[in-house]
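I opened the notebook to record what I looked up, entry by entry. I start with how each chain is divided and then go on to contacts and single residues.

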Amino acid sequence: MLNYIWAGLIIISLIFAVTQDITDLVQDPYQNGKEHSIEVIFPENGDPDKRQNVRFRIKGHEGTFEAAWRPYEDNPEMIISVDEDMPELWLDIARDQDSPTEEELLAEVVAFDRATRQAEIVLPEVYYVKLNAIATAAFNMAEFAVTLAIGLVGIMALWLGLMKIAEKSGLMYLLVKAVQPFMRFLFPNVPRGHAAHGVISLNMAANMLGLGNAATPLGIKAMEELQKLNPSKNRASNAQCMLLTVNTASIQLLPPATLVALIGTGVNELMISILIVTFISLLVGITAAKIYERFHPEDEHDENIPEDQKRED
Amino acid sequence: MRTIASFILPLIIVLIPLYGLIKKVHVYEVFVDGAKEGFHIAVRIIPYLVAILFAIGMFRESGAMEFFMMALAPVLGFLGFPVELVPMAIFRPLTGSGSVGVLAEMIATYGEDALVVKMAATMFGSTETTFYVIAVYFGAISIRQVKYSVQTGLIADLAGIITSVIVVRILFG
(Lines give C-alpha, C1' and ligand atoms only; values in the text may rest on other atoms or scores of the structure.)
Protein backbone atom coordinates (compact mmCIF):
# COMPACT_ATOMS: atom_id res chain seq x y z
CA MET A 1 0.00 0.00 0.00
CA LEU A 2 2.70 2.45 1.02
CA ASN A 3 4.56 1.56 -2.18
CA TYR A 4 1.56 2.53 -4.29
CA ILE A 5 0.79 5.72 -2.39
CA TRP A 6 4.41 6.80 -2.54
CA ALA A 7 4.88 6.10 -6.23
CA GLY A 8 1.42 7.56 -6.85
CA LEU A 9 2.35 10.88 -5.27
CA ILE A 10 5.45 11.17 -7.45
CA ILE A 11 3.76 10.10 -10.67
CA ILE A 12 0.71 12.31 -10.10
CA SER A 13 3.03 15.25 -9.40
CA LEU A 14 4.86 14.69 -12.66
CA ILE A 15 1.68 14.29 -14.70
CA PHE A 16 0.15 17.46 -13.32
CA ALA A 17 3.35 19.47 -13.69
CA VAL A 18 3.79 18.39 -17.30
CA THR A 19 0.16 19.08 -18.13
CA GLN A 20 0.33 22.53 -16.60
CA ASP A 21 3.58 23.37 -18.38
CA ILE A 22 2.28 22.21 -21.76
CA THR A 23 -0.84 24.31 -21.22
CA ASP A 24 1.46 27.24 -20.49
CA LEU A 25 3.42 26.61 -23.68
CA VAL A 26 0.20 26.77 -25.67
CA GLN A 27 -1.46 29.66 -23.86
CA ASP A 28 1.74 31.62 -23.27
CA PRO A 29 0.52 33.37 -20.09
CA TYR A 30 3.91 35.04 -19.58
CA GLN A 31 3.93 36.41 -23.14
CA ASN A 32 7.49 35.20 -23.61
CA GLY A 33 9.59 37.36 -25.93
CA LYS A 34 7.04 40.18 -26.03
CA GLU A 35 8.52 43.65 -26.34
CA HIS A 36 7.32 46.04 -23.67
CA SER A 37 7.44 49.78 -24.42
CA ILE A 38 8.89 51.94 -21.69
CA GLU A 39 10.24 55.43 -21.27
CA VAL A 40 13.55 55.61 -19.46
CA ILE A 41 14.05 58.61 -17.16
CA PHE A 42 17.76 59.26 -16.72
CA PRO A 43 19.01 61.45 -13.89
CA GLU A 44 19.92 64.99 -14.92
CA ASN A 45 22.83 65.03 -17.41
CA GLY A 46 22.64 61.24 -17.42
CA ASP A 47 24.62 59.68 -20.25
CA PRO A 48 23.01 56.51 -21.67
CA ASP A 49 26.49 55.13 -22.30
CA LYS A 50 27.29 54.98 -18.61
CA ARG A 51 26.15 52.60 -15.89
CA GLN A 52 23.70 54.32 -13.61
CA ASN A 53 20.45 53.99 -11.69
CA VAL A 54 17.45 55.14 -13.65
CA ARG A 55 13.71 55.23 -13.32
CA PHE A 56 11.30 54.24 -16.01
CA ARG A 57 7.65 54.46 -16.95
CA ILE A 58 5.71 51.53 -18.40
CA LYS A 59 3.52 52.49 -21.33
CA GLY A 60 -0.14 52.32 -20.39
CA HIS A 61 0.62 51.92 -16.67
CA GLU A 62 0.72 54.34 -13.74
CA GLY A 63 3.87 55.22 -11.82
CA THR A 64 7.63 55.05 -12.31
CA PHE A 65 9.92 52.24 -11.25
CA GLU A 66 13.56 51.77 -10.38
CA ALA A 67 16.18 49.96 -12.40
CA ALA A 68 19.92 49.78 -12.90
CA TRP A 69 21.01 50.73 -16.45
CA ARG A 70 23.81 48.61 -17.86
CA PRO A 71 25.06 49.74 -21.29
CA TYR A 72 26.78 46.98 -23.28
CA GLU A 73 28.20 47.01 -26.76
CA ASP A 74 25.27 45.37 -28.43
CA ASN A 75 22.15 45.89 -26.36
CA PRO A 76 21.92 47.58 -22.97
CA GLU A 77 20.41 45.67 -20.07
CA MET A 78 18.24 46.82 -17.22
CA ILE A 79 18.16 45.22 -13.80
CA ILE A 80 14.66 46.11 -12.70
CA SER A 81 13.75 46.22 -9.02
CA VAL A 82 10.41 44.51 -8.68
CA ASP A 83 7.70 46.71 -7.25
CA GLU A 84 4.23 45.55 -6.28
CA ASP A 85 2.64 48.40 -8.28
CA MET A 86 3.94 46.86 -11.49
CA PRO A 87 1.58 45.19 -13.96
CA GLU A 88 0.34 41.76 -12.90
CA LEU A 89 2.21 40.09 -15.76
CA TRP A 90 5.55 41.52 -14.62
CA LEU A 91 5.00 40.30 -11.09
CA ASP A 92 4.09 36.84 -12.35
CA ILE A 93 7.27 36.70 -14.39
CA ALA A 94 9.34 37.86 -11.43
CA ARG A 95 7.80 35.18 -9.20
CA ASP A 96 8.07 32.30 -11.62
CA GLN A 97 11.32 33.10 -13.44
CA ASP A 98 14.22 30.70 -13.26
CA SER A 99 16.34 32.93 -11.07
CA PRO A 100 17.40 32.78 -7.45
CA THR A 101 15.70 36.07 -6.65
CA GLU A 102 12.16 37.31 -7.04
CA GLU A 103 13.22 40.88 -6.33
CA GLU A 104 14.85 41.60 -9.64
CA LEU A 105 14.02 41.24 -13.32
CA LEU A 106 16.80 41.21 -15.87
CA ALA A 107 15.47 42.88 -19.02
CA GLU A 108 17.19 43.21 -22.38
CA VAL A 109 16.79 46.55 -24.13
CA VAL A 110 16.23 45.63 -27.77
CA ALA A 111 15.53 49.14 -29.05
CA PHE A 112 16.43 52.48 -27.59
CA ASP A 113 15.80 55.94 -29.01
CA ARG A 114 18.36 58.37 -27.62
CA ALA A 115 16.31 61.44 -28.44
CA THR A 116 12.96 60.47 -26.95
CA ARG A 117 14.36 57.97 -24.40
CA GLN A 118 11.73 55.50 -25.57
CA ALA A 119 12.83 51.90 -25.29
CA GLU A 120 11.59 48.43 -26.08
CA ILE A 121 12.55 45.81 -23.54
CA VAL A 122 12.19 42.06 -23.35
CA LEU A 123 11.61 40.45 -19.94
CA PRO A 124 13.06 37.07 -18.96
CA GLU A 125 11.30 34.15 -20.61
CA VAL A 126 9.47 31.78 -18.34
CA TYR A 127 9.13 28.12 -19.24
CA TYR A 128 8.39 24.89 -17.36
CA VAL A 129 7.42 26.59 -14.12
CA LYS A 130 5.76 23.56 -12.52
CA LEU A 131 8.48 21.10 -13.50
CA ASN A 132 11.07 23.38 -11.94
CA ALA A 133 8.85 23.85 -8.92
CA ILE A 134 8.43 20.13 -8.19
CA ALA A 135 12.15 19.50 -8.65
CA THR A 136 12.97 22.35 -6.26
CA ALA A 137 10.38 21.04 -3.80
CA ALA A 138 11.94 17.57 -3.90
CA PHE A 139 15.40 18.94 -3.08
CA ASN A 140 14.14 21.31 -0.41
CA MET A 141 12.09 18.66 1.33
CA ALA A 142 14.99 16.21 1.26
CA GLU A 143 17.06 18.80 3.05
CA PHE A 144 14.21 19.58 5.43
CA ALA A 145 13.89 15.88 6.32
CA VAL A 146 17.46 15.88 7.60
CA THR A 147 16.90 19.06 9.62
CA LEU A 148 13.82 17.47 11.12
CA ALA A 149 15.58 14.21 12.00
CA ILE A 150 18.66 15.91 13.44
CA GLY A 151 16.34 18.16 15.45
CA LEU A 152 15.10 15.01 17.16
CA VAL A 153 18.55 14.01 18.45
CA GLY A 154 18.48 16.04 21.65
CA ILE A 155 14.92 15.22 22.74
CA MET A 156 15.42 11.59 21.76
CA ALA A 157 18.53 11.37 23.91
CA LEU A 158 16.79 13.03 26.85
CA TRP A 159 13.84 10.65 26.85
CA LEU A 160 15.87 7.54 26.13
CA GLY A 161 18.11 8.42 29.07
CA LEU A 162 15.15 8.94 31.37
CA MET A 163 13.51 5.72 30.20
CA LYS A 164 16.68 3.80 30.95
CA ILE A 165 16.65 5.10 34.51
CA ALA A 166 12.97 4.23 34.82
CA GLU A 167 13.74 0.71 33.65
CA LYS A 168 16.74 0.17 35.90
CA SER A 169 15.02 1.57 38.95
CA GLY A 170 11.92 -0.57 38.53
CA LEU A 171 9.65 2.43 38.05
CA MET A 172 8.71 1.12 34.64
CA TYR A 173 7.61 -2.15 36.20
CA LEU A 174 5.19 -0.35 38.51
CA LEU A 175 3.71 1.49 35.56
CA VAL A 176 3.45 -1.69 33.50
CA LYS A 177 1.47 -3.38 36.25
CA ALA A 178 -0.93 -0.46 36.42
CA VAL A 179 -1.75 -0.35 32.71
CA GLN A 180 -1.65 -4.10 32.11
CA PRO A 181 -5.39 -4.84 31.61
CA PHE A 182 -5.92 -2.21 28.93
CA MET A 183 -2.64 -2.99 27.19
CA ARG A 184 -3.34 -6.72 27.13
CA PHE A 185 -6.39 -5.98 25.01
CA LEU A 186 -4.58 -3.77 22.51
CA PHE A 187 -1.36 -5.77 22.37
CA PRO A 188 -2.25 -9.39 23.14
CA ASN A 189 1.07 -10.70 21.81
CA VAL A 190 3.18 -8.71 24.22
CA PRO A 191 3.98 -10.88 27.24
CA ARG A 192 2.65 -9.92 30.66
CA GLY A 193 4.90 -7.49 32.48
CA HIS A 194 6.94 -6.51 29.42
CA ALA A 195 8.46 -3.02 29.44
CA ALA A 196 6.75 -2.27 26.10
CA HIS A 197 3.43 -1.88 27.92
CA GLY A 198 4.88 0.83 30.15
CA VAL A 199 6.48 2.84 27.35
CA ILE A 200 3.36 2.58 25.21
CA SER A 201 1.21 3.92 28.03
CA LEU A 202 3.62 6.85 28.48
CA ASN A 203 3.48 7.51 24.75
CA MET A 204 -0.32 7.54 24.87
CA ALA A 205 -0.37 9.80 27.89
CA ALA A 206 1.96 12.26 26.17
CA ASN A 207 -0.30 12.22 23.11
CA MET A 208 -3.38 12.87 25.20
CA LEU A 209 -1.82 15.88 26.86
CA GLY A 210 -0.66 17.28 23.52
CA LEU A 211 3.00 16.92 24.49
CA GLY A 212 4.34 16.29 21.00
CA ASN A 213 7.93 16.69 22.13
CA ALA A 214 7.63 13.76 24.50
CA ALA A 215 5.21 11.64 22.49
CA THR A 216 7.52 11.04 19.53
CA PRO A 217 10.61 9.82 21.44
CA LEU A 218 8.42 7.68 23.68
CA GLY A 219 6.64 6.23 20.66
CA ILE A 220 9.97 5.38 19.07
CA LYS A 221 11.15 3.78 22.29
CA ALA A 222 7.93 1.76 22.38
CA MET A 223 8.51 0.65 18.79
CA GLU A 224 12.00 -0.50 19.79
CA GLU A 225 10.58 -2.54 22.66
CA LEU A 226 8.06 -4.14 20.31
CA GLN A 227 10.80 -4.78 17.78
CA LYS A 228 12.55 -6.97 20.37
CA LEU A 229 9.47 -9.21 20.27
CA ASN A 230 9.11 -9.07 16.50
CA PRO A 231 10.32 -12.30 14.86
CA SER A 232 10.89 -10.50 11.57
CA LYS A 233 13.44 -7.73 11.28
CA ASN A 234 11.99 -5.58 8.52
CA ARG A 235 8.31 -6.43 8.55
CA ALA A 236 6.02 -4.74 11.04
CA SER A 237 4.34 -6.94 13.65
CA ASN A 238 0.66 -6.65 14.49
CA ALA A 239 1.52 -4.98 17.77
CA GLN A 240 3.59 -2.38 15.94
CA CYS A 241 0.75 -1.71 13.51
CA MET A 242 -1.60 -1.21 16.45
CA LEU A 243 0.81 1.20 18.13
CA LEU A 244 1.09 3.15 14.90
CA THR A 245 -2.67 3.30 14.45
CA VAL A 246 -3.16 4.50 18.00
CA ASN A 247 -0.56 7.20 17.39
CA THR A 248 -1.98 8.44 14.10
CA ALA A 249 -5.45 8.63 15.60
CA SER A 250 -3.90 10.02 18.80
CA ILE A 251 -6.61 10.75 21.34
CA GLN A 252 -6.11 14.30 22.53
CA LEU A 253 -7.47 15.74 25.72
CA LEU A 254 -5.59 18.93 25.00
CA PRO A 255 -5.34 20.47 21.53
CA PRO A 256 -1.85 20.64 20.03
CA ALA A 257 0.09 23.85 20.63
CA THR A 258 0.04 24.81 16.93
CA LEU A 259 -3.72 24.97 16.97
CA VAL A 260 -3.71 27.20 20.03
CA ALA A 261 -1.21 29.47 18.30
CA LEU A 262 -3.42 29.69 15.22
CA ILE A 263 -6.85 30.31 16.70
CA GLY A 264 -5.95 31.54 20.17
CA THR A 265 -8.68 31.41 22.79
CA GLY A 266 -11.22 30.24 20.22
CA VAL A 267 -9.72 26.83 20.79
CA ASN A 268 -11.59 26.41 24.09
CA GLU A 269 -14.83 26.24 22.18
CA LEU A 270 -13.40 23.53 19.95
CA MET A 271 -12.16 21.36 22.80
CA ILE A 272 -15.38 19.34 22.94
CA SER A 273 -15.59 18.74 19.22
CA ILE A 274 -11.92 17.73 19.08
CA LEU A 275 -12.37 15.38 22.01
CA ILE A 276 -15.38 13.66 20.46
CA VAL A 277 -13.82 13.38 17.03
CA THR A 278 -10.47 12.15 18.26
CA PHE A 279 -12.21 9.53 20.41
CA ILE A 280 -14.30 8.26 17.51
CA SER A 281 -11.36 8.13 15.13
CA LEU A 282 -9.33 6.26 17.74
CA LEU A 283 -12.12 3.72 18.18
CA VAL A 284 -12.45 3.28 14.43
CA GLY A 285 -8.67 2.93 14.08
CA ILE A 286 -8.41 0.31 16.82
CA THR A 287 -11.36 -1.62 15.40
CA ALA A 288 -9.83 -1.55 11.94
CA ALA A 289 -6.48 -2.73 13.28
CA LYS A 290 -8.17 -5.52 15.24
CA ILE A 291 -9.97 -6.67 12.09
CA TYR A 292 -6.80 -6.56 9.99
CA GLU A 293 -5.01 -8.51 12.72
CA ARG A 294 -7.30 -11.47 12.12
CA PHE A 295 -6.23 -11.72 8.52
CA HIS A 296 -2.55 -11.25 9.28
CA PRO A 297 -1.35 -13.93 11.67
CA GLU A 298 1.91 -12.94 13.33
CA ASP A 299 5.06 -13.98 11.44
CA GLU A 300 6.62 -17.05 12.98
CA HIS A 301 10.10 -16.75 11.54
CA ASP A 302 12.03 -14.59 9.23
CA GLU A 303 11.46 -17.18 6.49
CA ASN A 304 8.10 -15.67 5.65
CA ILE A 305 9.84 -12.79 3.97
CA PRO A 306 10.67 -13.09 0.29
CA GLU A 307 14.34 -13.78 -0.37
CA ASP A 308 15.07 -10.45 -2.07
CA GLN A 309 13.84 -8.43 0.87
CA LYS A 310 15.59 -10.43 3.51
CA ARG A 311 18.72 -8.30 3.69
CA GLU A 312 19.70 -6.91 7.05
CA ASP A 313 20.43 -3.21 7.43
CA MET B 1 -6.17 20.90 32.13
CA ARG B 2 -3.50 23.05 30.59
CA THR B 3 -2.04 23.64 34.03
CA ILE B 4 -1.76 19.91 34.58
CA ALA B 5 0.00 19.58 31.24
CA SER B 6 2.53 22.27 32.12
CA PHE B 7 3.24 20.58 35.46
CA ILE B 8 3.48 17.07 34.21
CA LEU B 9 6.59 17.33 32.04
CA PRO B 10 8.94 18.87 34.61
CA LEU B 11 7.47 16.52 37.19
CA ILE B 12 8.29 13.42 35.15
CA ILE B 13 11.75 14.69 34.33
CA VAL B 14 12.50 15.22 38.02
CA LEU B 15 10.65 12.20 39.36
CA ILE B 16 12.35 9.51 37.30
CA PRO B 17 15.94 10.30 38.39
CA LEU B 18 14.71 10.90 41.93
CA TYR B 19 13.11 7.47 42.10
CA GLY B 20 16.27 6.00 40.59
CA LEU B 21 18.35 7.67 43.26
CA ILE B 22 16.15 6.24 46.00
CA LYS B 23 16.52 2.79 44.44
CA LYS B 24 20.31 3.27 44.45
CA VAL B 25 20.66 3.34 40.66
CA HIS B 26 23.74 5.10 39.24
CA VAL B 27 21.41 7.59 37.62
CA TYR B 28 23.97 9.67 35.71
CA GLU B 29 25.74 6.69 34.18
CA VAL B 30 22.48 4.96 33.29
CA PHE B 31 21.08 8.14 31.76
CA VAL B 32 24.10 8.63 29.52
CA ASP B 33 24.01 4.98 28.59
CA GLY B 34 20.42 5.27 27.42
CA ALA B 35 20.82 8.69 25.82
CA LYS B 36 23.66 7.74 23.52
CA GLU B 37 21.20 5.85 21.33
CA GLY B 38 19.41 9.11 20.51
CA PHE B 39 21.74 10.12 17.74
CA HIS B 40 21.70 6.75 15.99
CA ILE B 41 17.93 6.62 16.00
CA ALA B 42 17.63 10.13 14.55
CA VAL B 43 20.11 9.28 11.81
CA ARG B 44 18.34 6.01 11.10
CA ILE B 45 15.10 7.90 10.47
CA ILE B 46 16.62 10.15 7.79
CA PRO B 47 16.20 7.92 4.69
CA TYR B 48 12.58 7.15 5.59
CA LEU B 49 11.79 10.77 6.22
CA VAL B 50 13.47 11.89 3.00
CA ALA B 51 11.49 9.33 1.01
CA ILE B 52 8.14 10.41 2.44
CA LEU B 53 8.71 14.14 2.57
CA PHE B 54 10.13 14.68 -0.90
CA ALA B 55 7.25 12.84 -2.54
CA ILE B 56 4.75 14.89 -0.55
CA GLY B 57 6.63 18.11 -1.34
CA MET B 58 6.42 17.37 -5.07
CA PHE B 59 2.73 16.59 -4.82
CA ARG B 60 2.10 19.85 -2.99
CA GLU B 61 3.86 21.91 -5.65
CA SER B 62 2.43 20.13 -8.68
CA GLY B 63 -0.99 21.77 -8.54
CA ALA B 64 -2.71 18.39 -8.37
CA MET B 65 -4.59 19.60 -5.30
CA GLU B 66 -6.56 22.21 -7.24
CA PHE B 67 -7.56 19.57 -9.72
CA PHE B 68 -8.82 17.19 -7.04
CA MET B 69 -10.81 19.99 -5.47
CA MET B 70 -12.52 20.72 -8.76
CA ALA B 71 -13.11 17.05 -9.54
CA LEU B 72 -14.47 16.22 -6.09
CA ALA B 73 -16.63 19.32 -5.68
CA PRO B 74 -19.88 17.98 -7.17
CA VAL B 75 -19.69 14.62 -5.38
CA LEU B 76 -18.89 16.17 -2.01
CA GLY B 77 -21.48 18.88 -2.41
CA PHE B 78 -24.04 16.15 -2.94
CA LEU B 79 -22.90 14.38 0.24
CA GLY B 80 -23.04 17.58 2.27
CA PHE B 81 -19.28 17.76 2.76
CA PRO B 82 -18.01 21.35 2.35
CA VAL B 83 -15.65 21.58 -0.62
CA GLU B 84 -13.49 24.14 1.20
CA LEU B 85 -12.33 21.33 3.47
CA VAL B 86 -10.85 19.18 0.71
CA PRO B 87 -7.31 20.63 0.96
CA MET B 88 -7.31 20.08 4.72
CA ALA B 89 -8.67 16.54 4.37
CA ILE B 90 -6.02 15.60 1.83
CA PHE B 91 -3.09 17.44 3.41
CA ARG B 92 -3.68 16.49 7.04
CA PRO B 93 -2.41 12.89 6.77
CA LEU B 94 0.40 13.97 4.44
CA THR B 95 2.08 16.99 5.96
CA GLY B 96 1.96 18.75 9.30
CA SER B 97 3.39 22.05 8.10
CA GLY B 98 1.25 21.90 4.96
CA SER B 99 -1.95 21.51 6.93
CA VAL B 100 -0.97 24.33 9.29
CA GLY B 101 -0.63 26.46 6.17
CA VAL B 102 -4.04 25.36 4.91
CA LEU B 103 -5.66 26.19 8.24
CA ALA B 104 -3.97 29.59 8.47
CA GLU B 105 -5.14 30.38 4.96
CA MET B 106 -8.69 29.32 5.77
CA ILE B 107 -8.74 31.52 8.86
CA ALA B 108 -7.56 34.45 6.75
CA THR B 109 -10.17 33.79 4.07
CA TYR B 110 -13.27 32.83 6.04
CA GLY B 111 -12.60 34.26 9.50
CA GLU B 112 -12.19 32.41 12.79
CA ASP B 113 -15.88 32.00 13.43
CA ALA B 114 -16.84 30.39 10.14
CA LEU B 115 -18.24 26.90 10.42
CA VAL B 116 -15.79 25.48 7.86
CA VAL B 117 -12.87 26.88 9.85
CA LYS B 118 -14.17 25.19 12.99
CA MET B 119 -14.46 21.95 11.04
CA ALA B 120 -10.95 22.32 9.66
CA ALA B 121 -9.54 23.14 13.10
CA THR B 122 -11.28 20.12 14.61
CA MET B 123 -9.87 17.95 11.83
CA PHE B 124 -6.43 19.37 12.44
CA GLY B 125 -6.63 18.96 16.19
CA SER B 126 -7.99 15.46 16.25
CA THR B 127 -5.73 13.63 13.80
CA GLU B 128 -2.02 13.19 13.25
CA THR B 129 0.22 13.42 10.21
CA THR B 130 -0.08 9.71 9.42
CA PHE B 131 2.74 9.49 6.90
CA TYR B 132 5.16 11.38 9.10
CA VAL B 133 4.38 9.06 11.99
CA ILE B 134 4.91 6.03 9.76
CA ALA B 135 8.26 7.35 8.49
CA VAL B 136 9.54 8.25 11.94
CA TYR B 137 8.26 5.32 13.99
CA PHE B 138 9.06 2.58 11.51
CA GLY B 139 12.20 4.34 10.29
CA ALA B 140 13.62 4.32 13.80
CA ILE B 141 13.56 0.53 13.86
CA SER B 142 14.41 0.07 10.16
CA ILE B 143 11.09 -1.47 9.22
CA ARG B 144 10.30 -1.14 5.54
CA GLN B 145 7.30 -3.43 5.19
CA VAL B 146 4.66 -1.57 7.11
CA LYS B 147 1.90 -4.14 6.51
CA TYR B 148 -1.62 -2.77 6.96
CA SER B 149 -0.66 0.18 9.15
CA VAL B 150 -1.12 2.69 6.31
CA GLN B 151 -4.67 1.45 5.81
CA THR B 152 -5.61 1.56 9.48
CA GLY B 153 -3.99 4.97 9.89
CA LEU B 154 -5.91 6.34 6.93
CA ILE B 155 -9.16 4.71 8.05
CA ALA B 156 -8.78 6.46 11.40
CA ASP B 157 -8.06 9.73 9.57
CA LEU B 158 -11.10 9.30 7.34
CA ALA B 159 -13.25 8.65 10.40
CA GLY B 160 -11.83 11.83 11.94
CA ILE B 161 -12.51 13.87 8.80
CA ILE B 162 -16.10 12.74 8.47
CA THR B 163 -16.98 13.03 12.16
CA SER B 164 -15.39 16.52 12.31
CA VAL B 165 -17.97 17.75 9.83
CA ILE B 166 -20.85 16.04 11.58
CA VAL B 167 -19.87 16.92 15.14
CA VAL B 168 -19.13 20.57 14.40
CA ARG B 169 -22.40 20.87 12.52
CA ILE B 170 -24.30 19.45 15.50
CA LEU B 171 -22.46 21.52 18.11
CA PHE B 172 -22.17 24.87 16.33
CA GLY B 173 -24.32 24.63 13.20
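**Entry 1: Domains**

I looked up the domain centres of chain A first: taken over C-alpha atoms, the centres of domain 1 and domain 2 are separated by 60 Å. I note that this is a predicted model. In chain A, domain 1 covers 31-125 and domain 2 covers 170-301. I then turned to chain B. Its assignment gives domain 1 as 1-35 and domain 2 as 38-172. The C-alpha centres of these two domains of chain B lie 34 Å apart.

**Entry 2: Where the chains touch**

How many residues of chain A are in contact with chain B? I found 88 residues of chain A in contact with 86 residues of chain B. Next I looked for the helices on the chain A side. H1 (2-27), H3, H6, H7 (238-249), H8 (257-263) and H9 (267-295) of chain A each supply at least two residues. H3(A) gives the most to this side, with 28 residues. I also sorted the chain A side by class. It has 59 nonpolar, 23 polar and 6 charged residues.

**Entry 3: A helix pair in chain A**

I stayed with H3(A), which spans residues 129-169, and looked at how it packs with H6(A), residues 212-229. The angle is about 65°, and the axes are 9 Å apart. H3(A) passes H6(A) in a right-handed crossing. I listed the residues that meet. From H3(A) they are Leu152(A), Ile155(A), Met156(A), Trp159(A), Leu160(A) and Met163(A). From H6(A) I noted several, including Pro217(A), Leu218(A), Ile220(A) and Lys221(A). By class, this contact has 10 nonpolar, 2 polar and 1 charged residues.

**Entry 4: The largest nonpolar core**

Which residues touch the most other members of the largest nonpolar core? I found Leu49(B) and Ala120(B), in a core of 139 residues. H3(A) gives the most to this core, with 18 residues. I followed up Ala120(B). Leaving aside its neighbours within four places in sequence, Ala120(B) is in contact with Leu85(B), Met88(B), Leu103(B) and Met106(B).

**Entry 5: A covered helix in chain B**

I looked up H5(B), residues 86-94, and found that 9 of its 9 residues are buried. Among them are Met88(B), Phe91(B), Arg92(B) and Pro93(B). What covers the buried residues of H5(B) includes H3 (37-61), H4 (64-79), H6 (96-110), H7 (115-126), H8 (130-140) and H9 (149-172) of chain B.

**Entry 6: Two residues compared**

I picked Tyr148(B), in the loop between H8 and H9 of chain B. Why does Tyr148(B) count as buried? Tyr148(B) is buried because it has 21 C-beta neighbours inside 10 Å, and the cut-off for buried is 20 or more. Leaving aside neighbours within four places in sequence, Tyr148(B) is in contact with Cys241(A), Tyr292(A) and His296(A).

I then picked Leu154(B), which is found in H9 of chain B. Leu154(B) has 19 C-beta neighbours inside 10 Å, so it counts as partly exposed. Not counting residues up to four places away in sequence, Leu154(B) touches Pro93(B) and Thr130(B). Leu154(B) and Thr130(B) are 24 residues apart in sequence and 7.2 Å apart in space, C-alpha to C-alpha.

Definitions and conventions:
Residues numbered from 1 in each chain as written. Chains lettered and ligands numbered in written order. Predicted model: local features only at pLDDT ≥ 70, side-chain atom pairs only at ≥ 80, totals over all residues. Axes fitted to C-alpha atoms, helices over the stretch in contact; angles between N-to-C directions. Helix = DSSP H or I, 4+ residues; strand = E, 2+ residues; numbered from the N terminus. Left-handed = near helix turned anticlockwise from the far one by under 90°. Contact = placed C-beta atoms within 7 Å. Nonpolar A, V, L, I, M, F, W, Y, C, P; charged D, E, K, R; others polar. Domains from an automatic or database assignment. Core = buried A, V, L, I, M, F, W, Y, C linked by C-beta atoms within 7 Å. Buried ≥ 20, exposed ≤ 12 C-beta atoms within 10 Å, placed from the backbone.
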